[in-house]
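Me: Can we go through this model together? I'd like to begin with charged pairs and then move on to other things.

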Amino acid sequence: MPAIFKTDVTEGVYYVTIPEADLHILCGCPVDSVKHLMKRGLIQEREAEGVRFETGPNAILLADTSPQNGRFANLAEFPILHMFYRQGRIIPGHPNNLGVKPLVVGSRRQVEAQMEYVFRGNYGLISEGELLAAGVAPELARDMMRLKLRFAFGRIRRMEEYLDLVSLENGWRELRGGVGVKRVRPDVFDIFYKGESVRVDLRLPPQNQSLPPYALGHHHIWRDDFAVLHSGEGDGWDPNRPAMASILLFQGKVYLIDAGPNIMHSLNALGISVNEIAGVFHTHAHDDHFCGLPDLMRADHRIPYYATRFVRASVIKKLAALSMLGEDEFEHSFDYHDLTLDEWNDIDALEVKPVFSPHPVETTVLFFRALGRNGYRTYAHFADIASLRLLRGMITDDGAPGLSRALYEQVERDYLTPVDLKKIDIGGGMIHGDAEDFAHDQSRKIVLAHTALPLTDRQKAIGSGAFFGAVDTLVPSDREDARSHAFTTLKAYFPGVPTDSLRALLDNPIDSFPPETIILKGGRKAQSVHLLLAGQVEMLRASGKILTTLCLGALLGEVTALTGRPSAETHRAAGFVQALRIPVERYRAFIEGNGLLETMTRQLDVRGFLQTNALFGDAISRARQNAMATALDIRRYAPGSAIGATGVSGLCLLRSGRVDLLLGSRPFVRLGPGDFFRGGEVLFDVPCPYTAKTCGSRDAVIYHIPVQVLADVPIIRWKLLETHETRLNKAVRAETRFGPLTWREAYATGSARMDADHRALFAELENLDHAPRERIAAVIETLLTELERHSQAEGELMERHGYPDREEHRRRHTQLLAAVRDLREGDGPQNSARGKRVDAFLKERLLGHVLTDDRRLGTFLLPLRQASPFLTGLTR
């Protein structure tokens, strides 16, 4: 009988169990990994000593790379909470608490990031100072901290108190009971026990959506003037339904309330594309309401984000921790609108009032209202809330952790405010609501949500349930908004065309296509040009491979209209789709009549390439593609040309040929058609540390795309960040694998003082290369002293000049110092192999820090130094 068992759970997730060692490892934890374990029957209910609890993993192995293909591969919040509470592993006196801490295993960088992300997910903002900085009034800040401490049983604790963290860098590491793990290559690991081994591959497949544990079907939704579309009634543990959420339909616009797991799957099932989202209202930062936010960054514009300032601050700190980026990076992700607490905020005639909700993290319940023919109609969304019985037990007026009687009474009044429709959290327990609190609520209709359990008879007497896709209409509509959207879209495409000419195109029918319908088959000429107004369309090659997903504003069949050629790809409805049908002859006449044929035909080849490109095809509207095609510069390079010598800035997209990227003189990656480079200039406005040289025997054709047309496109930034991180890791590994790490001008930050410190650190690493085994500890000690001095000096420099990302930069220093101290104290990779492996580990960490964090700081300081070359700390 084997000693080690592996179960494939879902894409990028495996469950490896070694019963003899009592080790059960969740390998990979992307979105809803616990629900997938439940769905596969790998988590079971048990009872011991009269206590019911669940089985499940007691160790988590993290992927090395996160995000992958636009999705976070590591979301350990709910898996850790499952081990803590649903399994009972940290509950005092629980029969399943055997005094053995659960394990979290992975690269030090990923482990540290997950600990900070879970910490922020548990507590949000962690001091009165952070609350005040987020705009909270002093009295409320004190009340919120009292509540946090009560929910936290008197003290805010780091997750590390309850977990054993295993840093997996170079070599083999023992986990527990003779079980070992070794990285084979990035994101691929071997797990060993008693001569047996299994391999797990934690790379996520290149597709736009993760696979949820539940099926939703497809729904065709009529968009009323003011309606609530129910898009989730479950909780974070319900394997059969999405977590609690709603969608507001208002005057033809689509607004989300919260963004939980698998939100793209939910939107597609409802016939909504990400580019149709007019905004997201956010209640709080728990994963079942939060972890769909990165999916909303897959739009071609910054979606408006509506929340109180303190909720936004909590959310951004968690996003920054999860992504290992500075908080300022997320300024590019959404169009932020701060809501005023306890006041009605007008959002284009839709009014919203956020009200404080007692919870461990910053949370508001949301009231909405809109004018109908008979006055205001109202909706209240209560996620997450604590039960009144629980809150009554927290009342204390002596300043101790808890809440005052006055605050309790205000919360009770807010809970029972009558509205036309109210959706409430009835999840129970320590941080969720109770239907009984609303037994006498005078609201016209109550919907019960945020539970994985069937409603009891008593709950059924208090409120209604709602199935996925159900709609509660508050203000009906008898008009068709689709044509208005079509006009707005056409106006953006053809800004110089007279309005009457555009309106003539609208005098055509709007087609509705059910899911899985082929709208245009590859190899055939289109009879009509279809302007996509709602839903998503898959564009497939003849092989069946999905090239990209088209959203609002895409034009299907335009190739035939402009050139007479058949479509090269098949276009297929992913869900319910609406599209304006324009006959090919009429569309061509419109183009010719407005003098656009030559320009559009010239752009067609470029746009066709962009549309099928991994960076530019997914969810990028035709208007965006037009802007890029117009702005880019096309250049041809002979073999052996150094592309960096041309002086052209911006992103480089390889149309044909081959290009080597080099750090110093050593190539570390070869690029082919469709690949891109110099993403760092778009992301950070930092010169690229790599040089690029064409290779092979053929010329290379490169599109040079200006930064300005890319900088505020969230989905492009998101993909560039992922590629930048992967490519940086490759470059660092290639640079540190052989011989000593010597200083190169490509590493320069532009600050003489910083570069001098870096040279000194590199010299210490070179000493480590040549140190005999007995001298390694002493050299590490010297290196640590130099690094501490450098970190202090750099910290003072950032503070003096107001560097906006200084907190994140300091955190990176802290992590780097901790890694070196662990090596000094024998708690690092040298356990498995001192000497060269220690050296390689240090070189990778230090060079990675210099090429990213320090070069960004140097770029920030550059204008200051140019303005005054004698500024203290910049040149000496």
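Me: What does Arg 120 form a salt bridge with?
Reply: Arg 120 forms a salt bridge with Glu 116, with 3.4 Å between the closest N and O atoms; the term stands for a side-chain nitrogen of Lys or Arg within 4 Å of a carboxyl oxygen of Asp or Glu. This is a predicted model, in which local features need pLDDT of at least 70 and side-chain atom pairs count only at pLDDT 80 or more, while totals for chains, interfaces and linings use all residues. Residues are numbered from 1 along each chain as its sequence is written, and side-chain values use heavy atoms, leaving out hydrogens and water.

Me: And where do Arg 120 and Glu 116 lie?
Reply: Both lie in helix α3 (residues 108-123), 4 residues apart, which is about one turn of the helix; helices here are DSSP runs of H or I with at least four residues, strands are runs of E with at least two, and both are numbered from the N terminus.

Me: Are the two buried or exposed?
Reply: Both Arg 120 and Glu 116 are buried, on a scale where buried means under 20% relative accessible area, exposed over 50% and partly exposed in between, with a 1.4 Å probe and protein chains only.

Me: Which residues are linked with them in a network?
Reply: Salt bridges link Glu 116, Arg 120, Glu 130, Arg 158 and Glu 160 in a network, and the structure holds 50 salt bridges.

Me: What about Arg 377 and Asp 420?
Reply: Their side chains meet in a salt bridge of 3.1 Å, N to O. Arg 377 lies in strand β22 (residues 375-382) and Asp 420 in the loop between α11 (405-415) and β23 (421-425), so the pair ties together parts that are 43 residues apart in sequence. Arg 377 is partly exposed at 22% relative accessible area, whereas Asp 420, at 10%, counts as buried.

Me: Switching to sheets, what is the order of the open sheet of 3 strands?
Reply: The order is β37-β36-β39, with antiparallel pairing, where two strands pair if DSSP finds at least two bridges between them. β37 (666-671) and β39 (691-695) stand at the edges with a single partner strand each, so one side of each has no neighbour in the sheet.

Me: How many bridges join β36 to β39?
Reply: There are 5 bridges between β36 (residues 658-663) and β39, and Val 659 has Thr 694 as its bridge partner in β39.
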